[in-house]
Amino acid sequence: MRLYDSYDYVIIGAGSAGSTIANRLGEDYRLRILILEAGPPDSSFLLKMPAGFASLGDKSPYNWRYETVPQVHCNNRRMYWPRGKTLGGSSSINAMLYVRGNAWDYDHWRQLGNQGWSYEDVLPFFRKAENNERGADAFHGTGGPLNVADQADPARISEAFVKAAEQAGHKRLADFNGAVQEGVGQYQVTQKSQERWSTASAYLRPAVERNKNNVHVITGALVERIILDKNHAMGVRYVVNGRDEVARTDREIILCGGAVNSPQLLMLSGMGPADHLKSVGIRPLFDIPGVGANLQDHLDAAILQGCKTNDTYDRRNKLWSLYQYKTRRKGPGTSPIAETGGFLSTRSGLAAPDVQLHFIPALVVDHGRTKLKKNGYTLHVCALRPESTGTIRLKSSDPKEHPLIDANYLAERKDLETLKNGVKMGRDILAQSGMDPYRAEEMEPGPAAKTDAELEQWIRARCETIYHPVGTCKMGTDNDPMAVVDHECRVRGITGLRVVDASVMPSLIGGNTNAPTIMIAERVASYMQGKG
């Protein structure tokens with residue numbers, strides 16, 4: 001591989017956004033593009049087999065393995081935050097659910113002043129990214145890099161959950177990304193031929209193969225600083241194999257580190273809240289107060305129910321499941337684990353559903369790190385639009401040290417109310433006759449948790465992230481003092497620097513965040529190519 005003295009574009013992070021934008025910019029064969037990824041290549045079989053992500057726990061080299069600071073409103077617990085650290089980023093370790101959020105979310109972004117980000121504006125970029133195996137229609141595309149498929153072999157009990165939800169009065173939906181989002185059904189997944197179809201597979205490798213001479217990827221490269229010449233970003237300093245290296249750029253640096261790493265690197269480079277930078281010994285070059293602020297995440301409470309049959313994945317022989325997958329691409333190995341679910345409203349008059357459900361035909365606690373020697377199923381209940389916001393802050397000026405993550409969960413009373421009411425709705429679904437053949441005793445919250453106060457106590461003690469942090473380099477207008485980037489994701493006050501990832505979301509969308517992050521990269525690539 002020939003490395004250049006300088007590049008047209010240096011992309012920091014080969015995750016969902018970085019892989020996508022590398023592919024689109026790489027369509028111009030004249031451009032020299034360097035992608036720097038801190039993690040190793042995505043070579044593990046566990047990253048290819050859909051259910052393999054369940055084995056990628058807190059010792060995985062493909063995971064940043066973050067922890068929050070003690071969460072004051074959640075019994076002062078430190079919460080585990082897995083984030084992808086490999087080619088494809090979190091798309092290489094996520095549950096592969098293809099969910100866009102609600103049209104209202106994007107119209108809200110436009111109402112905040114972000115030109116070009118209404119639902120009507122972004123829908124073409126969702127469709128451009130997509131190759132939906134069901135075919136194209138007004139909401140879906142074919143021929144795009146991101147393969148979207150129906151699940152190959154879901155568990156029978158997952159369908160029973162959907163029927164129970166119908167019995168509870170909820171509408172069955174075939175598509176959560178169509179004209180209506182509210183309802184229950186089976187999730188579509190980012191898989192191809194029953195393999196995980198991460199952005200490394202969909203976007204990055206095709207870009208490198210198409211343009212071998214000019215699109216270069218370096219793994220194991222930790223970027224320590226963005227180099228500024230006055231107010232212009234002109235290069236990056238990174239470490240690879242113990243060596244200090246510098247990559248210079250003739251056009252732009254595109255920061256695609258995600259909601260944790262992007263604000264961290266900006267602050268390490270002297271761009272962020274001046275008082276905070278001074279407190280950790282960094283000279284502020286540009287006082288940008290919004291960097292690391294506005295952190296939002298989906299908080300989740302999991303109902304655990306025992307099962308009296310052998311229809312859950314807890315009862316499947318792991319060696320037999322692996323054999324099934326390797327020989328026939330069938331069985332639990334094809335599963336995203338969260339197979340069915342839906343979007344519900346906890347009260348009338350809402351513009352969009354405020355709760356999401358993920359039904360898992362297995363008992364899952366502590367992000368799968370703790371194995372329960374029991375048989376059952378799990379219903380995750382997630383509050384979609386939290387009012388509580390938190391921060392990413394530096395612990396020190398050392399780039400290798402994890403930042404301080406304070407999600408500030410449940411600081412706002414409304415978030416607790418939404419989650420509590422969602423849990424009540426989830427319990428109601430699981431109590432329907434459709435689940436009678438399977439239902440044993442409820443394990444969490446447990447029969448003793450009946451009153452609102454008891455449910456609230458349980459939520460504070462057991463709630464966890466469902467892996468959707470956003471907002472820490474928010475997009476906004478000149479009138480917003482906390483805006484970090486403009487509507488084309490250019491960092492305010494700096495030339496030659498963009499942030500393109502989930503951190504630019506001004507508000508958290510109502511659903512899983514991978515597909516929207518890919519859309520953001522597609523949208524910004526179009527701006528950069530002069531297509532508007």
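Reader: In which loop is Gly-113 found?
Author: The elements are DSSP runs numbered from the N terminus, where a helix (H or I) has at least four residues and a strand (E) at least two. On that numbering, Gly-113 is found in the loop between helix H3 (103-111) and helix H4 (119-129).

Reader: What kind of model is this, and what pLDDT do local features need?
Author: Residues are numbered from 1 along each chain as its sequence is written, and side-chain values use heavy atoms, with hydrogens and water left out. This is a predicted model, in which totals for chains, interfaces and linings use all residues, side-chain atom pairs count only at pLDDT 80 or more, and local features need pLDDT of at least 70.

Reader: Gly-113 and Ala-483 are 370 residues apart in sequence, but how many Å apart are they in space?
Author: Gly-113 has 30% relative accessibility and therefore counts as partly exposed, the class between buried (under 20% relative accessible area) and exposed (over 50%), with a 1.4 Å probe and protein chains only. Although 370 residues of sequence lie between Gly-113 and Ala-483, their C-alpha atoms are apart in space by 11 Å.

Reader: Which residues is Trp-64 in contact with, leaving aside its neighbours within four places in sequence?
Author: Trp-64 lies in the loop between H2 and E3 and is buried, with a relative accessible area of 14%. Its C-alpha atom is separated by 10.0 Å from that of Asn-261, 197 residues away along the chain. Counting contact as heavy atoms within 4.5 Å, and leaving aside neighbours within four places in sequence, the partners of Trp-64 are Ala-38, Arg-83, Gly-84, Lys-85, Leu-222, Asn-261 and His-402.

Reader: Asn-261 belongs to helix H7; why is H7 described as largely enclosed, and how many of its residues are buried?
Author: The buried residues of H7 include Gly-258, Asn-261, Ser-262 and Gln-264, together with Leu-265 and Leu-266. Just after H7, Gly-270 takes a positive phi of about 90°. Helix H7 (residues 258-268) is largely enclosed by the rest of the structure because its buried residues number 11 of the 11.

Reader: At roughly what angle do the axes of helix H1 and helix H6 cross?
Author: Residues of H1, among them Ser-16, Thr-20 and Asn-23, meet residues of H6, among them Ala-200, Tyr-203 and Arg-210. The axes, which are lines fitted to C-alpha atoms over the stretch in contact, have angles that run from 0 to 180 degrees between N-to-C directions. The axes of H1 (residues 16-25) and H6 (residues 199-210) come within 8 Å, and they cross at roughly 35°.

Reader: Which peptide bond is cis, and what is its omega?
Author: Most residues other than glycine have a negative phi, and most peptide bonds are trans. Pro-445 is found in the loop between strand E22 (439-444) and helix H11 (452-462). The cis bond joins Glu-444 and Pro-445, with an omega of about -5°.

Reader: Leu-410 has a positive phi; is this residue buried or exposed?
Author: Leu-410 lies in the loop between strand E21 (404-406) and helix H10 (413-430), and its phi is near 60°, a positive value in a residue other than glycine. Because its relative accessibility is 6%, Leu-410 counts as buried.
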